[in-house]
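Biologist: Hi, could you walk me through this one? I'd like to start with some helix packing and then hop around a bit.

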Amino acid sequence: MTGLVSVRGLTIDHRVDGGFRTAVQGVDLDIAEGEAHGLVGESGSGKSTIALALTRYLPKGARVHAGQLRVAGRDVLTLDAASLRRYRRDDVGVVYQEPSRALNPTASVGAQVAEAHRLRGLPRPAAREATHDSLAEVGLPDPERLAARYPHELSGGQQQRVMIAMALAARPRLLILDEPTTGLDSQVQAEVLALIGRLQQRLGFASLLISHDLPLVAAHSDRVGVLEHGRLLETTSSARLVAEPAHEYTRRLVSAIPAFDGAVREPVDAAAPPLLVGTGLRKHYQGHVALDGVDLRIGRGETLGIVGESGSGKTTLGRVMAGLTAYDGEIVLDAPVVPPPVQIVFQSPDASLNPRRTVRQTLRRAIELLHGDGTPEELVARTGLPVDALDKLPHQLSGGQKQRVAIARAFAGRSPLIVCDEPTSALDVTVQATVIDLLIDLQRRTGVSYLFISHDLAVVRRISHRVAVMQHGRLVETAPASDIFGAARHPYTQSLVAAARHGRRDLPADAVAN
Amino acid sequence: MTADPRLEGGPRLGRGPAVLRVRHRGIGRLVGQRAIQIPAVLLVVSVLVFWLIQVVPGDPGRNALGQYATAAQVQEWNAAHGLDGGLVDRYLSWLGGFVTGQWGTSLVYGEPVAPLVLGRLGNSVLLGLYAFAILVPLAIGIGAWQARREGSRTDRAATVGLMSLASVPEFVIGVLLLIVFALIFPVLPIQSGDAVGTGFFPQLRAMTLPAVTLALGYVSVLARMTRTGVVEATGSQFYRTAVIKGLHGGALFRRHVARNALIPTISLIGVYLGALLGGSAVVETLFGYPGLGELLVTATQKKDVFILAAGVMVTGLISLCALLVTDITFTVVDPRVRFTEGG
Amino acid sequence: MAADVLVAERVDLVAPVDAAPPRAGGAWAALVRRPTFTVSAIVIVWWVFVAIAWRWFGLDPFGDTGAKLAPPSPEHWFGTDRIGRDVFARVLAGAESALLIGPLGTLIATVLGTALGLVAGYRRGWVDQLFMRTFDVFLALPTLIFLLVIVGAFGSSPLVLAAAIGVLFAPGIARIIRAEVLVEMGKDYVTSAQVQGERTRLILARELLPNVWPQVAVQAALSIGGAVFVASSLSFLGLAAAPPSPDWGLAVNENRAYLQGAWWTLVFPTLAIASLVVSVNLVADNLKEVLRG
């Protein structure tokens, strides 16, 4: 096999205190010249480790062996120092996950790109020219001025474009993209991936796109491999992967993706008296307006989804609803003030539980404070946790389990409104689906209302009755979910939905279990 | 930077063209802030100092003349030294005098305080600079050396050694050095005071032991900070980017490690400089070096209110100015500070 | 840097999402396994024992034994000083003085500093700003100079010294505790408690303090070392203990001149100070390593 990348039996062990942990086990990988290859896996699957192994940059003490690890005709594992440098410089380029951390904060953006050109041998003036060309090539405006800026002055999308410019400066034959768009807004994500696609057409490099987001990888790759716990389960063309997943795990991954085509919840009775009415809500921080006159209504037993890009004000809205931030305007809530009628489920399950309290202690305290009339055992049973979780500390639970505890805590009393602030964003896709199911189930049983905040439109579509779209602190459109995702009226909503759809290949109806 | 239109500071999220944001009055703003803060702090300090030195110990005249002097004699003594009058009056006249350079006459030496204190200050500054010149390269060198060997036995041994060094009072370090260099290998003089003014090299030689003692007293924390800085820089994601780009050696270290590793040490270096320039009471006393610190000890023992007050204010002023210099250095070195709000 | 050859110096690919919080029982076992800790702990226990019990050994640190400036010998293990007093007896008796002020001052500093740090970190706003500005002032000014002035004003009894040290060390501790509190405040479990309607007092005591106490313990341990450091410096300068106290710092000061003639009068007190402070700091550092996980 003489493709660009040819890997056989790659095994990598990390040194963990006391022994070794196998991160990657017997992985085979083939990438042809100019091919767009994808690797999908959830956290802990070893995908980033493989990417780094291709550049031979691994933690101290890690053990690597492979029957073969050839890239661009070189045997990567046996290169000497100078050849390794040449290989890294000329044949491979890498784009990383967090561009703000992957760029040197004390060097200007232009200097860092120019470094790549100077390494190729260009003298300073030529390198400066080439830098401006590179920056223009990735679609950054005003390259001369931008080159003098420092990374922290650029937005996430701009930083990523700089990384791409830097990686492509030496015209490598392979471009590795390690979660390049995680953390970026969906529209920026779409733009960045489109840019890479265009450049790939023009320059002809092969790409390895690594991500946990299966639809994303499928939409931008010719062939995709699926990783689980360091093992490669299957590799097929992206179309075949989504339509006919061969492996059981892949099937689970595919079906867990909330589809854009599938049942949408019908709105609740609009005539019934609402639970909460907010009028003219305003909030500003020094010089920056977070909420600019928001009016909304939430009915009993209803989920109002809030979507928007970062900076739209949706998190502030959630905090205002929960009574955590002062605000201007009026909120009328049809419920007693004591015990606190609004609870929150946060994004990060790690940070939302006191690391020194057992589950039982946390829930018992919550029941006390919220005047609940259940027991920790009942709460735990209602949220699908095993009974032995009660006496565990948070660090002994998985991410999904911790989030269930957080949900149980929110349901400890009889709070009529629960604010869910990106509750599934930090979870693996397979776990996300079960948590959303739990929330829907609890809502059916208790008649609670949700204010569901998320940037992930597919998730919002699944759980919301009505959806409100926010931009720059204002509500741009509020409508039943079916309207928003089917026939949105406002152009901003339309572009949001289109970008989310475009970023993933829509799953054919029969591939979705639901 | 250039004359770009000034908009809000900080990175902007979301899409959009590269709207450039510059705050080019960063340095001026910071200096302005400190220009207000420093006198304010000094004012507070002056009240504190005045209270502690002139008020709490009791009547100065009584303290000077003893319990058997008559009230009239005490009154006369106080008047002669300008120490009579109400508290507020005394404070204001003392403060006014301090600002205009009239610091009174020493009760112990009988000379005007200002030239005495400033002269001693000069000696302390010399010693401090000498110690600083030893301290900084030594600490950074040790820290970087350790970072290279991170986790190894030599690294751990060096950490324990440095920590022991840091816990020991300077006079103990001084005595141990004296034992080695003045007793076992008698190369350097024991008392430095006699050598002052006898010429450049003899004075340098005499100042070496006290300077080294001072430097060793401060080296540990600085070395540790450097080590941490280098370790973090080489473990960072941007370092990884640079290495995988193909960079290596001197360029890699200079551009991607050195600056990022040393930025956190700047504040510490500034604080240490301030402390060194102000003079160390302990080291100067041990080696008999005629610096400001040693003068203040004498003044405390003999209750010389004028020297004490002036000396403490001067020391405080030096420390605060060192802070200012540190802040300015920060803005020059760290672009993130330059372009964001506040100081 | 030889980072590029086969492996990186350090790349945090396997950072755990959240490590187990340190618990008291496990910490003790981990500590005892460290040689620097055990040796230092033994030294400290030794000095504490000596400080409490030296009178029962039948030693006389004040009496003239007749032999002045005698070198170490079987009768006088550490020799005698210029007044003929037995140096060994004086060294042992000096432990009491060294260990008196440190712990007391540290207690004051820790309680004060922790309380201030907790409040400043939790409250934010103008209270926090006020505290921090004040602390900045205190921290910028040289500690010893201020102690000089305080001693000059209030005298040098152990109580004064302990109180002064307490007040001077508190801002440093408050700063660090405040930083810890800010980190914890960023975590949502504190916000959850607020949303549930928990009272401020209880949030501070039950949510924040348990997560912050390891840092408090470390700071307390470090402060003891610092307090002994400062106290012995003061007595070296002749501003704390007074003759004929066998205080170590005072002994170093009194016997400076005998470096070349009678080194034993100087060296043994010096080594005693060094052993105590180094041990205290090593214990503190080991505590820090173990509790930070």
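Modeller: Happy to. In chain A, the axes of helix α13 (residues 359-369) and helix α15 (residues 399-410) come within 9 Å and cross at roughly 20°. Axes here are lines fitted to C-alpha atoms, for helices over the stretch in contact, with angles from 0 to 180 degrees between N-to-C directions. Helices (H or I, at least four residues) and strands (E, at least two) are DSSP runs, numbered from the N terminus.
This is a predicted model, where local features need pLDDT of at least 70 and side-chain atom pairs count only at pLDDT 80 or more, while totals for chains, interfaces and linings use all residues. Residues are numbered from 1 along each chain as its sequence is written, and chains are lettered from A and ligands numbered from 1 in the order in which they are written.

Biologist: How does α13(A) run relative to α15(A), parallel or antiparallel?

Modeller: The crossing angle of roughly 20° makes α13(A) roughly parallel to α15(A); angles under 35 degrees count as roughly parallel, over 145 as roughly antiparallel, 65 to 115 as roughly perpendicular and the rest as oblique.

Biologist: And which residues make the contact?

Modeller: From α13(A) there are A:V359, A:T362, A:L363 and A:A366, and from α15(A) A:V405, A:A408 and A:R409. In contact means C-beta atoms, placed from the backbone, within 7 Å.

Biologist: What is phi of A:E422?

Modeller: Near 50°, a positive value in a residue other than glycine. A:E422 is partly exposed, with 19 other C-beta atoms within 10 Å (20 or more would be buried, 12 or fewer exposed, and partly exposed is in between).

Biologist: Last one: how many residues of chain C are in contact with chain B?

Modeller: 45 residues of chain C, meeting 49 residues of chain B. On the chain C side, α10(C) gives the largest share, eleven residues.

Technical notes
Two residues are in contact if their C-beta atoms, placed from the backbone, lie within 7 Å.
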